[in-house]
Amino acid sequence: MAARLDRTDLKILRLLQNNGRLSNAELAETVAISPATCHRRTQRLFEGGFIATVRAMVAPKKVAKGTLVMVGVVLDRSTPESFATFEQAIAKLKFVLDCHLVAGDFDYFLKIRVGDMEDFNRIHGEQLIALPGVRQTRTFFVMKEVVDNAPLEF
């Protein structure tokens, strides 16, 4: 389907990426197409997997989750089975925002939001180091968020 994206489709994607609250009428007017055509195109973008979901970005500090923590995880074995077991377990933890298998010094890199350092200390001691196959974790407390969830450029 990528080959069938035209300039209008790309413009719709860019606009929705920057403001998911645009109504179909506003989107259609900005892109200079009819609302019916805009709706069909937007639905096609959803069905084609170009738009995965639409959701609100909640301000972390407003819901007492102002501390951002990055955690590097090293597993005790590098086997498909140990990776699968870890991934199944980590997917169940609601405080983990992102989990990425990476190359380099760590096997996985986690993005976690918590209320404060004490909150993270509890989570780390009770849940993170108890995950299957975890040999070592390395924690990085984010001092300043310079760029977070920037829109994709295309």
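I started with Thr79, which counts as partly exposed because its relative accessibility is 22%. This is a predicted model, so I keep that in mind for everything below. Thr79 sits in the loop between β1 and α4. I then looked up how far Thr79 is from Thr37: the two are 42 residues apart along the chain, and their C-alpha atoms are separated by 49 Å.

Next I picked Ser34, in the loop between α2 and α3. Ser34 has 34% relative accessibility, so I noted Ser34 as partly exposed.

**Entry: the annotated domain**

UniProt, in an unreviewed entry, places "domain: HTH asnC-type" at residues 5–66. I looked at what the chain does over residues 5–66 and found 53% helix and 0% strand. The end C-alpha atoms of that stretch are 38 Å apart.

**Entry: α1 against α3**

How do the axes of α1 and α3 cross? I got roughly 75 degrees, with the axes of α1 (residues 7–18) and α3 (residues 35–47) coming within 10 Å. An angle from 65 to 115 degrees counts as roughly perpendicular, and α1 and α3 are therefore roughly perpendicular to each other. On the α1 side I listed Thr8, Asp9, Ile12, Leu13 and Leu16. They meet Cys38, Arg41, Thr42, Arg44 and Leu45 in α3. Sorted by class, the contact of α1 with α3 has five nonpolar, two polar and three charged residues.

While on α1, I also looked up Asn18, which is in that helix. Asn18 counts as exposed because its relative accessibility is 56%. I took a distance from Asn18 to Asp116 too: they are 98 residues apart in sequence, and 30 Å separates them in space, C-alpha to C-alpha.

**Entry: α2 against α3**

I ran the check on α2 (residues 24–31) with α3: the axes come within 9 Å and cross at roughly 100 degrees. That makes α2 roughly perpendicular to α3. Asn24, Leu27 and Ala28 are the α2 residues I wrote down, and they meet Pro35, Cys38, His39 and Thr42 in α3. Here the classes come out as four nonpolar, three polar and no charged. Going back over my α1 list, I see that Cys38 and Thr42 also meet residues of α1.

**Entry: cores**

I wanted to know which residues touch the most other members of the largest nonpolar core. They are Ile112 and Leu128, in a core of 20 residues. The elements giving two or more residues to this core are β1 (67–75), α4 (80–90), β3 (108–114) and α5 (117–128). There is a second, separate core of ten residues, and Leu5, Leu13, Ala28 and Leu45 are among them. As background, nonpolar side chains tend to be buried together in soluble globular proteins.

**Entry: Val73**

Is Val73 buried or exposed? Val73 counts as buried, because its relative accessibility is 2%. Val73 is in strand β1. Skipping neighbours within four places in sequence, I found Val73 in contact with Phe86, Phe106, Asp107 and Tyr108, plus Leu110, Val134, Gln136 and Thr137. Arg138 is 65 residues from Val73 in sequence, yet the two are 6.6 Å apart in space, C-alpha to C-alpha.

**Entry: positive phi**

Most residues other than glycine have a negative phi. Ala32 is not a glycine, but its phi is positive, about 65 degrees. Ala32 lies in the loop between α2 and α3, and Ser34 lies in that loop too. With 68% relative accessibility, Ala32 counts as exposed.

Asn149 also has a positive phi, near 55 degrees. I found Asn149 in the segment after β4 (134–141). Asn149 counts as exposed, at 55% relative accessibility.

Definitions and conventions: Residues numbered from 1 in each chain as written. Predicted model: local features only at pLDDT ≥ 70, side-chain atom pairs only at ≥ 80, totals over all residues. Heavy atoms only, no water. Axes fitted to C-alpha atoms, helices over the stretch in contact; angles between N-to-C directions. Helix = DSSP H or I, 4+ residues; strand = E, 2+ residues; numbered from the N terminus. Parallel < 35°, antiparallel > 145°, perpendicular 65-115°, else oblique. Contact = heavy atoms within 4.5 Å. Nonpolar A, V, L, I, M, F, W, Y, C, P; charged D, E, K, R; others polar. Core = buried A, V, L, I, M, F, W, Y, C linked by side-chain atoms within 4.5 Å. Buried < 20%, exposed > 50% of the residue type's maximum accessible area, 1.4 Å probe, protein only. UniProt positions renumbered as here; feature names shortened; annotations may be inferred.
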